[in-house]
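Subject: Structure handover

Hello,

Here is the structure for you to take over. My notes follow below.

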Amino acid sequence: MFSFDATGKPSVVALADIAPQTQVLALGDAGKMLRVNASENGLELRLPAEVLSDIGAASAGHAHAATYQPLDGDLTAIAALTHSAGRRLVSNGSAWAADDTPGSFRNRIINGAFDIWQRGTSFASIAASAYCADRWTYYKGTTGAVHDISRSTDVPGTSPTEALYSFLVDCATADAAVAAGDLVILSQKIEGQCIRDLVGNTFTLSFWVKATKTGTYCVAFRNSGTDRSYVAEYTVSVADTWEFKTVTVSGGCPTAGTWDYTTGVGLQVDFTLMAGSTFQTTASAWQTGNFTATASQVNACDNVANNFRIANVQLERGAVATPFERPSYTDEYERCRRYFRIIDGANGWAYNTTAWNGMWDYSGMRATPTLSVTGTLSISDGIAAPTAQSSSNVGVGHSDESAMRISAGNFSGLTQYRPYYIDSSSSAGKILASAEL
């Protein structure tokens with residue numbers, strides 16, 4: 001692993017257990033490097049400049065062919081890089097780049113591993129603009145195509161450390177004729193304050209994809225005003241086979257257009273399955289308008305046999321796609337809860353014989369959430385049997401910066417001012433709090 005010294009020059013971090021004929025260099029004292037002898041565990045401290053002077057010299061005693069030859073290209077490329085102290089040097093396997101992004105939370109996509117599904121793990125005939133996996137929406141316009149979405153255990157790689165789940169889009173009703181206004185996309189909206197440093201700075205999207213239909217697909221990046229769009233193409237080469245893809249946006253986001261750099265939509269990332277001519281543009285450049293594809297985009301909705309999966313989606317600053325960052329489950333769950341929570345328990349009191357009020361702390365959410373309810377609620381005083389609503393009803397009585405008073409009606413037989421709590425064990429419904437973008 002590499003780091004930069006105080007002068008901004010790259011150096012190589014020390015490696016353990018150096019064995020004979022190991023082709024490595026390691027950082028020593030005062031910016032020197034450890035040279036590994038090709039025939040024994042002899043270690044020699046040398047300055048980076050001295051090491052580079054050895055390359056090509058092949059002079060006696062330097063064991064150039066055995067020790068340095070495999071590193072010639074890398075060291076020459078590394079030596080040409082300058083950057084700020086404390087930053088990282090990253091490689092995609094074929095090229096080096098200086099990376100400005102901190103090592104932790106460099107992925108701007110939340111739930112890119114599709115581990116968090118608070119709303120459920122399968123959605124039959126999902127509605128347009130509906131959320132499914134946390135932070136991910138399914139959108140369609142005018143098309144008659146219908147899809148089922150679910151969490152899938154069909155994943156790239158063989159180890160659970162690589163991926164546990166993927167995002168599956170299964171075509172339930174096909175639409176073979178693409179009209180001008182037809183559109184099917186999978187999207188994540190990234191909060192504005194999380195993309196400010198992408199303005200004028202190159203960023204890279206990487207992901208795994210497995211699709212039944214081969215051909216050209218598109219990903220799109222759009223701003224909050226949908227008046228600036230960048231469309232990139234990628235190719236699915238083999239049907240129903242996991243393939244790794246990267247898309248690099250050189251120069252990052254522009255300043256022209258309507259952008260939100262605070263708590264609104266900063267950048268929307270779209271995976272396109274179908275797009276009519278209204279949403280088509282040319283690839284690999286920022287365009288003025290609202291676009292999600294090129295004319296080469298396949299219609300992945302033309303057959304009920306079509307499946308589309310993505311996994312390990314990552315968007316990061318820089319020109320190199322680094323290995324997928326996997327935060328702890330707890331960290332990722334809390335990041336999702338900034339935008340959506342299920343209130344499965346709250347304490348309160350009977351406002352009268354038919355209505356219940358309760359206080360709920362929503363601190364940490366992006367904005368004051370809107371409430372909805374699935375099914376009917378049940379409340380209990382801890383003594384008598386739970387009391388259920390006759391029909392769903394929930395609202396906000398009052399809210400401030402971090403707390404709100406929840407009001408729910410359509411109960412009967414409550415004792416006014418008696419404490420009651422939502423009984424999640426017997427309740428048929430849940431209160432949903434959304435601060436989605």
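Let me start with the largest pocket. Two elements, S13 and helix H4 (329-337), each give at least two residues to its lining. S13 makes the largest contribution, with 4 residues. The volume of this pocket is about 290 Å³. Its lining counts 18 residues, and Arg108, Ile110, Cys194, Arg335 and Tyr339 are the closest to the centre. By class, that lining splits into 6 nonpolar, 3 polar and 9 charged residues.

Please keep in mind that this is a predicted model.

The chain as a whole

The chain has 437 residues, and 47% of them are buried. It holds 4 helices and 30 strands. Take the contacts with a separation of 6 or more: 69% of them are between residues 24 or more positions apart.

Cores

The largest nonpolar core has 47 residues. Which of them touch the most other members? They are Phe167, Leu205, Phe221, Phe271, Phe308, Ile310 and Leu315. Elements that give two or more residues to this core are S12, strand S13 (183-191), strand S14 (203-211), strand S15 (215-222), strand S16 (228-236), strand S17 (243-249), strand S18 (265-275) and S20.

Leaving out residues up to four places away in sequence, Phe271 touches Trp136, Val184, Ile185, Leu186, Leu205, Phe207, Cys218, Val219, Tyr234, Ile310 and Val313.

Cavities

Rolling a probe the size of a water molecule over the atoms shows where empty space is left. In this model, 2 cavities reach 30 Å³ or more.

The largest cavity has a volume of about 100 Å³. It is lined by 14 residues, of which Ala113, Glu325, Arg326, Pro327 and Glu332 are the closest to its centre. Sorted by class, the lining has 5 nonpolar, 4 polar and 5 charged residues.

The second largest cavity comes to about 50 Å³. Strand S12 (166-173) and S20 are the elements that give two or more residues to its lining. The lining residues are His147, Val169, Cys171, Thr212, Lys213, Tyr217, Leu273, Ala300, Asn306, Asn307 and Phe308. Here the classes are 6 nonpolar, 4 polar and 1 charged.

Arg309 sits in strand S20 (residues 307-317). Is Arg309 buried or exposed? Its relative accessibility is 12%, so Arg309 counts as buried. Its side chain makes a polar contact of 3.3 Å with the side chain of Ser152. Residues up to four places away in sequence aside, Arg309 touches Ser152, Asp154, Ser166, Phe167, Leu168, Trp208, Val209, Lys210 and Trp242.

Glu436 is in the segment after strand S30 (430-434). Glu436 counts as buried because its relative accessibility is 11%. Which side chain does the side chain of Glu436 meet in a polar contact? It is that of Arg135, at 2.5 Å. Beyond four places in sequence, Glu436 is in contact with Arg119, Tyr131, Arg135, Tyr339, Phe340 and Arg366. Tyr339 is on that list, and it is also one of the residues closest to the centre of the largest pocket. Glu436 and Thr370 lie 66 residues apart in sequence, yet their C-alpha atoms are 9.3 Å apart in space.

Two asparagines to check

For Asn111 the value is near 65 degrees. Asn111 is in the loop between strand S7 (96-99) and strand S8 (122-123). It counts as buried because its relative accessibility is 1%.

For Asn410, phi is near 70 degrees. Asn410 belongs to the loop between strand S28 (403-408) and strand S29 (419-422). At 31% relative accessibility, Asn410 counts as partly exposed.

Best wishes

Key
Residues are numbered from 1 along each chain as its sequence is written. This is a predicted model: local features need pLDDT of at least 70, side-chain atom pairs count only at pLDDT 80 or more; totals for chains, interfaces and linings use all residues. Side-chain values use heavy atoms; hydrogens and water are left out. Buried means under 20% relative accessible area, exposed over 50%, partly exposed in between (1.4 Å probe, protein chains only). A polar contact is a pair of N or O atoms within 3.5 Å; within protein, one must be able to donate a hydrogen and the other to accept it, and residues adjacent in sequence count only if both atoms are side-chain atoms. Contact means heavy atoms within 4.5 Å. On a 1 Å grid over the protein atoms alone, a cavity is a set of points where a 1.4 Å probe fits but cannot get out, and a pocket is an open set with protein on both sides within 12 Å along at least five of seven lines; lining residues have an atom within 4 Å of a point. Grid points are joined across faces, edges and corners, and a volume is the space filled by probe spheres set on the points. Ala, Val, Leu, Ile, Met, Phe, Trp, Tyr, Cys and Pro count as nonpolar, Asp, Glu, Lys and Arg as charged, and the others, Gly among them, as polar. A nonpolar core is a set of buried Ala, Val, Leu, Ile, Met, Phe, Trp, Tyr and Cys residues joined through side-chain atoms within 4.5 Å.
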